[in-house]
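Good morning, and thank you for coming.

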Amino acid sequence: MDLDVFVSAHRAEWDRLDALLRRQRRLTGAEADELVLLYQRTATHLSLIQSAAPDPQLTGRLSQLVARARGAVTGARRASWRDVTHFLSHSFPAAVYRARHWWVPTALLSTAVAVLLGWWIGTHPEVQASIAAPAELRELTRPGGQYETYYSSNPAASFAAQVWTNNAWAAALCLILGVFLGLPVIWILFTNMLNLGVGFGLMTSAGRLDTFLGLVLPHGLLELTAVFVAAGTGLRLGWTLIDPGPRPRRRALAEEGRAALAMAIGLALVLFVSGAIEGFVTPSGLPTWARITIGAVAELAFLTYVYVLGGRAARAGETGDLETAERSAVVPTAA
């Protein structure tokens with residue numbers, strides 16, 4: 001593309017669009033139609049320049065012009081309860097469903113790593129000795145020890161809030177840091193599995209595996225699923241940087257990044273539920289089978305939500321990204 005020729009050919013259209021946007025009076029019907037047409041053309045021009053002959057100064061000018069025109073065409077938009085309903089019933093479950101090919105293998109592999117670490121720790125006394133002194137290990141694993149009292153060490157409400165904050169932050173980090181080729185996500189995930197494996201191994205070596213599972217499963221099923229979803233989505237975002245597919249890399253990252261950030265909000269709600277279970281159900285006096293049943297029901301409800309509502313929304317074209325009217329205009333690219 002000869003940029004000077006291109007600018008000369010279309011400058012008049014850009015100036016006309018700028019003039020219409022600066023009008024103080026109400027536009028006539030013909031002027032409004034002209035504004036929409038010029039907005040569409042200018043958005044196309046911006047995409048062509050970005051892909052064929054990027055010029056920072058010209059790109060900046062046209063980006064501002066397109067943003068102003070989009071605001072004039074679509075008008076000011078306020079969030080409503082309809083948006084919340086659409087997000088919970090379509091956008092979020094569809095985004096989780098679309099990422100299933102990443103987070104399901106992540107969940108299976110991570111669980112296997114945690115079990116192997118637990119087995120290794122539980123069957124090797126020298127490894128246990130490197131974790132803590134024998135007296136400290138006994139204090140951790142004995143009946144009424146620190147593993148059990150941890151869940152009732154603070155009032156239920158404050159403990160649930162603390163757990164929710166920590167888990168939501170970990171999930172957000174997985175989603176945000178995935179853009180760094182997924183490497184930070186792998187470290188965060190391994191740290192979580194190591195902590196789980198240590199508890200699993202130490203309690204198993206003390207002959208109290210049933211107690212450990214009774215304490216972890218009620219909230220852990222849903223909590224770990226949310227972490228796996230966040231990690232899998234973060235890894236997919238990192239892979240998008242390597243292989244964006246038929247989309248331009250910048251566009252692919254923008255679309256997947258927006259979906260990932262929106263997913264952080266949905267996962268925060270999921271982790272709120274698991275935090276409430278951890279704060280109020282796990283340390284309760286309910287029988288172990290009842291506590292585990294509550295956790296299993298919560299997990300089954302979430303998976304049903306994702307695979308039924310999310311699958312239906314995804315097949316209907318929902319991606320978890322912004323609605324079409326709110327996205328930047330793009331030019332179709334050849335496959």
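**Overall form**

The protein has 13 helices and zero strands, where helices (H or I, at least four residues) and strands (E, at least two) are DSSP runs numbered from the N terminus. How far is the protein spread out? Its radius of gyration is 26 Å, well over the 20 Å that the globule rule gives for 335 residues, so the protein is more spread out than a compact globule. That radius is taken over C-alpha atoms, and the rule is 2.2 Å times the number of residues to the power 0.38. Along the principal axes, the C-alpha atoms fill a box of roughly 80 × 40 × 35 Å.

Please keep in mind that this is a predicted model: local features need pLDDT of at least 70, side-chain atom pairs count only at pLDDT 80 or more, and totals for chains, interfaces and linings use all residues. Residues are numbered from 1 along each chain as its sequence is written, and side-chain values use heavy atoms, with hydrogens and water left out.

**Surface and contacts**

Of the 335 residues, 40% count as buried. Buried means under 20% relative accessible area, exposed over 50%, and partly exposed in between, with a 1.4 Å probe and protein chains only. Among contacts with a separation of 6 or more, 77% join residues 24 or more positions apart; a contact means heavy atoms within 4.5 Å.

**Annotated spans**

An unreviewed UniProt entry places the feature "transmembrane region" at several spans, including residues 259-277 and 289-308. Positions from UniProt are given in the numbering used here, feature names are shortened, and annotations may be inferred rather than shown by experiment. In the model, residues 259-277 are 100% helix and 0% strand, with end C-alpha atoms 27 Å apart. Residues 289-308 are likewise 100% helix and 0% strand, and their end C-alpha atoms lie 27 Å apart.

**Two residues**

Let us turn to threonine 282, which sits in the loop between α12 (249-281) and α13 (288-315). Is threonine 282 buried or exposed? It counts as buried, because its relative accessibility is 2%. Leaving aside residues up to four places away in sequence, threonine 282 touches Tyr151, Leu215, Pro218, His219, Ile277 and Arg291.

Asparagine 195 belongs to helix α10 (residues 183-205). With a relative accessible area of 54%, asparagine 195 is exposed. Asparagine 195 and glycine 118 are 77 residues apart in sequence, and their C-alpha atoms are 9.4 Å apart in space.
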